[in-house]
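This report covers strand pairing and charged side-chain contacts. Keep the sequence and the model in view while reading.

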Amino acid sequence: MKFRIIVATWVALAFSITAPAYAAPNFAGAIPNIPGKSLIANEVNYGPGEATPTHTHETSAFIYAYVISGAIESKVNDGETRIYHAGESFIEPPGAIHSICRNASKTEPAKMLVVFVVDTNHKAMLTPVK
């Protein structure tokens, strides 16, 4: 049941955002040796020039992002704006504001794997900041 709730939440989020292309998680499930925590992994595909609006995640979420291909420009909290290339990764601590997250290229696609460790009863995976 918990797995279905996680997937339903992620799919609802996926279809409420126009860019980049989100899909159902590649993996979602409770972490058996950490009660109350779940792991969700999702591949995010950015077309040329696509970006995610400034956002936060569930306050319990610790996020690890790994660039699979292309280049992702990112800024988390007051950190530096940086371009991460294929094979590089970054983290977002719980409660972070992700002010920049976009494909660094205007001509080539980019792809990253985003892994969340989050409270199992989380509400939303991504909340735009107005």
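A salt bridge here is a side-chain nitrogen of Lys or Arg within 4 Å of a carboxyl oxygen of Asp or Glu. By that cut-off, Lys111 and Glu43 form a salt bridge through their side chains, at 3.9 Å from N to O. This pair ties together distant parts of the chain. Lys111 sits in strand S9 and Glu43 in strand S2, 68 residues apart. The model is predicted.

**Salt bridges**

How many salt bridges does a search of the whole structure find? The search gives four.

| Pair | N to O distance |
|---|---|
| Asp119 and Lys37 | 2.7 Å |
| Glu88 and Arg82 | 3.3 Å |
| Lys111 and Glu43 | 3.9 Å |

Asp119 and Lys37 form a salt bridge. This pair also links distant parts of the chain: Asp119 belongs to strand S9 (residues 110-119), Lys37 to strand S2 (residues 37-46), and 82 residues separate them.

Lys37 is partly exposed at 24%. Lys111 counts as partly exposed at 26% relative accessibility, and Glu43 does so at 27%. Glu88 is partly exposed at 28%. Arg82 is partly exposed too, with a relative accessible area of 33%.

**The five-stranded sheet**

Arg82 also has a place in a sheet: in S6, Arg82 stands opposite Ser74. Which order do the strands of this open sheet follow? The order is S6-S5-S8-S3-S10, and the pairing is antiparallel. Strand S6 (82-85) and strand S10 (127-128) stand at the edges. Each has a single partner strand, so one side of each is left without a neighbour in the sheet.

Strands of a sheet pair through backbone hydrogen bonds, either parallel or antiparallel. Two pairings give the detail here.

Strand S5 (residues 71-76) pairs with S6 in the antiparallel sense, over four bridges. S5 and S6 form a hairpin, with five residues between them. In the turn, Asn77 has a positive phi of about 50 degrees.

Strand S3 (residues 55-56) is joined to strand S8 (residues 97-103) by two bridges. These strands run antiparallel. Across this pairing, Thr56 stands opposite Ile97 in S8.

Key: Residues are numbered from 1 along each chain as its sequence is written. This is a predicted model: local features need pLDDT of at least 70, side-chain atom pairs count only at pLDDT 80 or more; totals for chains, interfaces and linings use all residues. Side-chain values use heavy atoms; hydrogens and water are left out. Two strands pair if DSSP finds at least two bridges between them. Buried means under 20% relative accessible area, exposed over 50%, partly exposed in between (1.4 Å probe, protein chains only).
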